[in-house]
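Please read it alongside the sequence and the coordinates.

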Amino acid sequence: MPSFDVDAFLDGYKGKTVSVVVCGRADLMGRHTDLERGLIDARTTSSDDFHSTEVGQLTAQIRELEQEMKAAEVTFTFAALSHKAWQDLLAKHPPTKQQKAEHGIDHNPETFPVAAIAAAAVEPSLSFDQAEPIRGTLAFGEFEKVYRAVLEANAEVQGVPKSVLAAVIGDRPL
C-alpha cells in the first residue's frame with residue numbers, strides 16, 4: 001500500500017474561497033421594490049399584460065435602475081486562513097471579561113469581525129483601517145453578510161459538494 005505524502009498534499013492544498021456581492025447603492029433597492037410592485041399591479045389591471053404603456057414604462061425604469069445598481073456592486077472575495085492564523089487572530093482579539101461572562105464567546109465582537117474581514121480579504125485586499133469604515137457605513141445586514149462570508153470560508157466544515165442537478169442531467173441522454 002502506498003504511503004501518504006503529506007508534503008505533496010500540503011503543497012497542493014488550496015483553501016476555500018467565498019465571494020459576496022454588496023451593492024453600494026442600497027438606497028435604490030426600495031425604489032426597485034416599489035417599481036416591481038407597480039409593474040405587478042399594472043400587469044394585473046391591464047387588458048394587455050405585456051404591451052400597455054404603463055407596463056413598458058415601468059419595465060424600462062426597472063431595467064435602468066437595475067443597471068445603476070449593477071454598476072454600484074462590489075464583489076468581495078475571502079479566503080480561508082490556516083488554522084494557526086485563525087487561532088492567532090482570535091488571540092489578538094480576545095473578549096473582554098464582561099463579554100466572556102455574558103456571552104461565553106472566544107473573541108471580541110467589536111474588533112474581531114473587522115480584523116477577520118481584513119485578514120481574509122483576497123479581492124479587494126483590505127487592511128484593518130480599510131475594513132473598519134465598512135463596518136461603520138454598511139447597514140447591519142449588509143455588514144453581517146460580508147462577515148458571514150468570512151466565517152463560511154474559515155469556520156464552516158463541509159464535505160466535498162456534489163451537484164444533484166448535474167448528476168441527474170449527466171445520467172440522461174441529451
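Predicted model: local features only at pLDDT ≥ 70, side-chain atom pairs only at ≥ 80, totals over all residues.

In which helix is Lys100 found? Lys100 lies in helix 5, which spans residues 97-103.

- Three strands form an open sheet in the order 1-2-3, and their pairing is antiparallel.
- Strand 1 (17-23) and strand 3 (121-123) are the edge strands, each pairing on one side only.
- From one strand to the next, the twist averages 35 degrees.
- Strand 1 is joined to strand 2 (residues 73-79) by seven bridges, and the two run antiparallel.
- Within that pairing, Val18 has Phe78 of strand 2 as its bridge partner.
- Helix 8 (residues 140-155) packs on the sheet and touches strand 1 and strand 2. The direction of helix 8 makes about 175 degrees with that of strand 1.
- Strand 2 and strand 3 also run antiparallel, joined by two bridges.
- Phe78 has Ala121 as its bridge partner in strand 3.

**Nonpolar cores**

- The largest nonpolar core contains 25 residues. The members that touch the most others are Phe76, Phe78, Phe112, Ala116, Ile117 and Val150.
- At least two residues of this core come from each of strand 1, strand 2, helix 4 (83-92), helix 6 (112-120), helix 7 (128-137) and helix 8.
- Helix 6 gives the most to this core, supplying seven residues.
- Apart from residues up to four places away in sequence, Phe112 touches Trp86, Leu89, Leu90, His93, His107 and Tyr147.
- There is a second, separate core of eleven residues, and Cys23, Leu35, Leu39 and Leu65 are among them.
- As general background, nonpolar side chains in soluble globular proteins tend to be buried together.

**Helix 8**

- Helix 8 comprises 16 residues. From its first C-alpha to its last it reaches 21 Å, close to the 22 Å expected at 1.5 Å a residue.
- Its buried residues are Glu142, Phe143, Val146, Tyr147, Ala149, Val150, Ala153 and Asn154.
- Why are these residues on the same side of helix 8? They lie on the same side because they cover an arc of only 140 degrees around the axis.
- In general, an α-helix has 3.6 residues a turn, so residues three or four places apart point the same way.
- The buried residues of helix 8 are covered by elements including strand 1, strand 2, helix 4, helix 6 and helix 7.

**Two individual residues**

- Is Asn154 buried or exposed? Asn154, which belongs to helix 8, is buried because its relative accessible area is 18%, and the cut-off for burial is under 20%.
- With neighbours within four places in sequence left aside, Asn154 is in contact with Ala79, Ala80, Leu81, Trp86 and Ala120.
- Lys100 is exposed because its relative accessible area is 54%, and the cut-off for exposure is over 50%.
- With neighbours within four places in sequence left aside, Lys100 is in contact with Pro95 and Ile105.

Definitions and conventions. Residues numbered from 1 in each chain as written. Heavy atoms only, no water. Pairing = 2+ DSSP bridges. Helix = DSSP H or I, 4+ residues; strand = E, 2+ residues; numbered from the N terminus. Axes fitted to C-alpha atoms, helices over the stretch in contact; angles between N-to-C directions. Contact = heavy atoms within 4.5 Å. Core = buried A, V, L, I, M, F, W, Y, C linked by side-chain atoms within 4.5 Å. Buried < 20%, exposed > 50% of the residue type's maximum accessible area, 1.4 Å probe, protein only. Expected span 1.5 Å × (residues − 1). Arc of directions from axis to C-beta.
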